[in-house]
Amino acid sequence: MKTSVIFGTLVVAGLSVAGAASAGTLDDVKARGVVNCGVNTGLVGFAAPDANGNWSGFDVALCKAVAAAVLGDPAKVKYVPTTGQTRFTALASGEVDLLVRNTTRTFSRETDLKMDFPAINYYDGQGFMVRKDSGVTSAKELNGASVCIQTGTTTELNLADYFKSNGMTYQPIAIDSNAEGEQQFLAGACDAYTTDASGLAATRAAFPSPQDYIILPEIISKEPLGPAVRHGDNNWGDIVGWTFYALVAGEEYGVTAANVDELAKGTENPEINRLLGHEGNLGAMMGVPNDWAVKAIKAGGNYGEIFEANIGEKTPIGLARGLNAQWTQGGLMYAPPFR
């Protein structure tokens, strides 16, 4: 408890300095000519570098979209790998302009750590993965098990709550990153690995023999994941949030990376016209070019295109849209009006 209080105090103290120095993150980004984006240290499908150091993934696509909206070029991103323990300090200190790292929006993170979550880009929940030959088919069968868990995460707290509420005990095996968790789990250091269900699917896909592992059916929490920015710079928060919503609206209205330039010339749909800058001055309201949404969608496609290319059912990750489907398809993805 004492460590948590000290950590929170340090982060907030650091934030007050960073907030004063970075009250205009947009100006800082324009002057620097690059967006500093805090990402995972390596989670296939979400954020991971290839052998040449080129980053790709579902979260990376949002970093690129923001850079395209602000700077006109999706390549103008510096990716800063962060762990569950270092990510909030990186944001609070100003080392990164935004955090797009499978991060859950919570009460204390917004009120105590002074972060804003302008949007939710993936609705998730915590699950468990075990070896198939263990014979375990339910999380209720994990009493007494050793569980690999990333420290400094909501996952750590949820795990304690779940076992306590079900009258079970467990042995936590602390890890700092997903890469370490993967290594420890494969080496047999823990009976189960727990994190967001999407993270489990991504981790399993990278295993030498993915079929030898199963993700248990229980989802024990709500994990609304999204980009985070610092308190006190509403304009930058608007840019990050509305850039994401442009991707969501793009999918709803059939605006794709392939047709966005043509549709930007004008359509019969006033909402598309406003979104793409053919009518109105939405870009100017945020201090970015009027074709900001055109550039954002062109960077990697609309939300659906990004989802399917990085983590969808035809990828090794194999995630169904589920709650992340458009509202018109029974999901929760919904862009507010562009007007």
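The model is predicted.

Three strands make an open sheet, and their order is 4-1-5. The pairing is parallel. Strand 4 (77-82) and strand 5 (98-99) are the edge strands, each pairing on one side only. Strand 1 covers residues 35-40 and joins strand 5 through two bridges, in the parallel sense. Within that pairing, Gly38 has Leu99 of strand 5 as its bridge partner.

Helix 3, residues 58-71, packs on this sheet. The helix touches strand 1, strand 4 and strand 5. Its direction makes about 145° with that of strand 4.

**Aromatic rings**

The count of aromatic pairs comes to 22. One of them joins Phe163 and Tyr170: the ring centres are 4.7 Å apart and the planes stand at 50°. Planes under 30 degrees apart would count as stacked and those over 60 as edge-to-face, so this pair is tilted.

How do the two partners differ in accessibility? The table gives the values for Phe163 and Tyr170.

| Residue | Relative accessibility | Class |
|---|---|---|
| Phe163 | 1% | buried |
| Tyr170 | 25% | partly exposed |

Buried means under 20%, so Phe163 falls in that class at 1%. Tyr170, at 25%, counts as partly exposed.

Ring pairs also link a cluster. Its members are Phe46, Phe58, Tyr122, Trp242, Phe244, Tyr245, Trp292, Tyr303, Phe307 and Phe338. Which residue lies over the face of Phe307? Arg321 does, at 5.1 Å from the ring centre.

Definitions and conventions
Residues numbered from 1 in each chain as written. Predicted model: local features only at pLDDT ≥ 70, side-chain atom pairs only at ≥ 80, totals over all residues. Heavy atoms only, no water. Pairing = 2+ DSSP bridges. Helix = DSSP H or I, 4+ residues; strand = E, 2+ residues; numbered from the N terminus. Contact = heavy atoms within 4.5 Å. Axes fitted to C-alpha atoms, helices over the stretch in contact; angles between N-to-C directions. Phe/Tyr/Trp six-rings, centres within 6.5 Å; stacked < 30°, edge-to-face > 60°. Buried < 20%, exposed > 50% of the residue type's maximum accessible area, 1.4 Å probe, protein only. Lys NZ or Arg CZ within 6 Å of the ring centre and 35° of its normal.
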